[in-house]
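Please keep the sequence and the model in view while reading.

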Amino acid sequence: MEALKFGNLAVRFGMELVLLAIFGYWGFKTGSTPLMRWLLGLGTPLLAAVIWGMLMAPKAPWRLQGVGFILAELVLFGLAGWALYTTGQKNLTLWFGVVYAINRVLMMVWKQ
């Protein structure tokens, strides 16, 4: 059972990295000019990483707890899903959402 719990935490870390990659992909695909592509492609994941690091990381200075944490997480992962969907990656969006939902449920059941 401990191996499954560790695996779930590894999946969570992977999902956080995928979230950043999605924001970067969205930015580079969405910008209307080369400058905007670079600003969105680098700035959006950077902003998400700063928000995560300040409010949601295990050693965050202002770590959210309980419902606040869940809501912030849903907003970030929801925005990432929306960003992926707007780039035309509908199947990837579905998989991203399914993996996130299963991971989140297991984290709540196992109190991770």
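The model is predicted. Its largest nonpolar core has 19 residues, and its largest pocket holds about 380 Å³ of space.

**Nonpolar core**
- Within the largest nonpolar core, the residues with the most contacts are L19, F77 and F96.
- At least two residues of this core come from each of α1 (2-30), α2 (34-55), α3 (66-86) and α4 (90-109).
- Helix α3 provides the largest share of this core, with seven residues.
- Apart from neighbours within four places in sequence, L19 is in contact with A48, L76, F77 and A80.
- In soluble globular proteins, nonpolar side chains tend to be buried together.

**Largest pocket**
- The lining of the largest pocket consists of 18 residues, and R63, F69, R104, M107 and Q112 are those that lie nearest its centre.
- Helices α1, α3 and α4 each contribute at least two residues to this lining.
- Sorted by class, the lining of the largest pocket comprises ten nonpolar, three polar and five charged residues.

**Residue E73**
- E73 is located in helix α3.
- E73 counts as buried because its relative accessibility is 0%, and buried means under 20%.
- The side chains of E73 and Y100 are joined by a polar contact of 2.6 Å.
- Leaving out neighbours within four places in sequence, E73 is in contact with R12, W52, M56, G78, Y100 and R104.
- R104, one of these contacts of E73, is also among the residues nearest the centre of the largest pocket.

Conventions: Residues numbered from 1 in each chain as written. Predicted model: local features only at pLDDT ≥ 70, side-chain atom pairs only at ≥ 80, totals over all residues. Heavy atoms only, no water. Core = buried A, V, L, I, M, F, W, Y, C linked by side-chain atoms within 4.5 Å. Buried < 20%, exposed > 50% of the residue type's maximum accessible area, 1.4 Å probe, protein only. Helix = DSSP H or I, 4+ residues; strand = E, 2+ residues; numbered from the N terminus. Contact = heavy atoms within 4.5 Å. 1 Å grid on protein atoms, 1.4 Å probe; cavity = no way out; pocket = protein on both sides within 12 Å on 5 of 7 lines; lining within 4 Å. Points joined across faces, edges and corners; volume = space filled by probe spheres on them. Nonpolar A, V, L, I, M, F, W, Y, C, P; charged D, E, K, R; others polar. Polar contact = N/O pair within 3.5 Å; in protein donor to acceptor, adjacent residues only side chain to side chain.
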